[in-house]
Amino acid sequence: AVIHTAAKVGGVGANMTHMGEFFYDNMMINLNVLEAARKTGVKKVVSFLSTCIFPDEVEYPLTEDKLHLGEPHSSNYGYAYAKRMLEVQSRAYNQQYGVELEGNKMCFNTKYLSVIPTNIYGPNDNFNLENSHVVPALIHKCYLAKRDNTPFWVWGNGSPLREFIYSEDIGELTQLVLDHYEGDDPLILSTGEEHTIRQAVIAVADAFDFQGQIVYDIDKPNGQHRKPTSNLLLKNFVPEYKFTPFEEGIKKTVDWFVENYEDCRK
């Protein structure tokens, strides 16, 4: 089996300035990973997509069946379309290679699945200020602001909403999908709770006990305002699963970052 998480990724700024690069690199990664898996007889692949691949103009909440109903947000369409094609490739491979008859017995040669996590954060993340996602970027910025006694600068006005999910929860859910999920639809991995960027900023500042000035740079882009998901399919699959509370996950991540600052990805 293969859990396919490889991607060329970044935040709003990286997506907007490397549109073609993100499209090409992610297309090549996905095409090669799945084709190599097929050629070497891998029967099950769980591939990671992203909620940013959903249409920009679509009825909320996002559900698995709305994936291809329109254009993704203009700020990241290169990355988004490449990730969408990973779902298409998985579906196409299952159709052509998934079922064969051996005598009178049906044999499943491939079961290539997709999961769609919301914003993942946690220890061992990429904390680079140029190309990281929102939570690790905020953590690194706040660390520097506290260390240097400078303001904590935040892109945008803090109003966009996101659904955050702790990385260890993602690890556990992915193992469950690999071992037990047999559905054909992509599976959204979401807590079902939205937090504003401003709430994330406050959670990070509290975890650092940051007492300095927080400045929202409204000249910087906000990105997509919100993209709430439905986790109904996930809850039907694992109804008893307990997610790590957001503030607890942020505190664990901040503590890990401080302890591993010299050696972490930044």
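## A buried tyrosine pair

Tyr-121 is buried, at a relative accessible area of 2% (buried means under 20% relative accessible area, exposed over 50%, partly exposed in between, with a 1.4 Å probe and protein chains only). Tyr-166 is buried too, with a relative accessible area of 2%. The model is predicted: local features need pLDDT of at least 70 and side-chain atom pairs count only at pLDDT 80 or more, while totals for chains, interfaces and linings use all residues. Residues are numbered from 1 along each chain as its sequence is written, and side-chain values use heavy atoms, with hydrogens and water left out.

## Aromatic pairs

A pair of aromatic rings is described by the distance of the centres and the angle of the planes. Searching the whole structure gives 15 aromatic pairs. Rings of Phe, Tyr and Trp (its six-membered ring) pair if their centres lie within 6.5 Å; planes under 30 degrees apart count as stacked, over 60 as edge-to-face and the rest as tilted. Tyr-121 and Tyr-166 make a tilted pair, with 5.6 Å from centre to centre and 50° between the planes. This pair links distant parts of the chain, 45 residues apart: Tyr-121 belongs to strand E6 (residues 119-121) and Tyr-166 to strand E9 (residues 164-166).

Tyr-241 and Phe-243 form an edge-to-face pair, because their ring centres are 5.2 Å apart and their planes stand at 75°. Tyr-241 counts as buried at 18% relative accessibility, whereas Phe-243, at 25%, counts as partly exposed. Ring pairs also link Phe-127, Tyr-143, Phe-208, Trp-256, Phe-257 and Tyr-261 into a cluster.

## Charges over rings

A charge sits over a ring if NZ of Lys or CZ of Arg is within 6 Å of the ring centre and within 35 degrees of the ring normal. Lys-266 lies over the face of Tyr-261, 4.6 Å from the ring centre. Arg-38 lies over the face of Tyr-97, at 4.5 Å from the ring centre.

## The open sheet

Strands E1, E2, E5 and E10 form an open sheet of four strands in the order E1-E2-E5-E10, with parallel pairing (two strands pair if DSSP finds at least two bridges between them). Strand E1 (2-4) and strand E10 (187-189) each have a single partner strand, so one side of each is left without a neighbour in the sheet. From one strand to the next, the twist averages 25°. Axes are lines fitted to C-alpha atoms, for helices over the stretch in contact, and angles run from 0 to 180 degrees between N-to-C directions.

Strand E2 (residues 44-48) runs parallel to strand E5 (residues 111-117), and five bridges join them. Phe-48 has Val-115 in E5 as its bridge partner. Helix H2 (residues 19-39) packs on the sheet and touches E1, E2 and E5; its direction makes about 175° with that of E1. Helix H3 (residues 77-97) also packs on the sheet, touching E1, E2 and E5, and its direction makes about 155° with that of E5. Contact means heavy atoms within 4.5 Å.

## Strand E7

Four bridges pair E7 with strand E12 (residues 214-217) in the parallel sense. The bridge partner of Trp-153 in E12 is Val-215.

## The whole protein

The protein has eight helices and 12 strands (helices, H or I with at least four residues, and strands, E with at least two, are DSSP runs numbered from the N terminus). Of its 266 residues, 50% count as buried.
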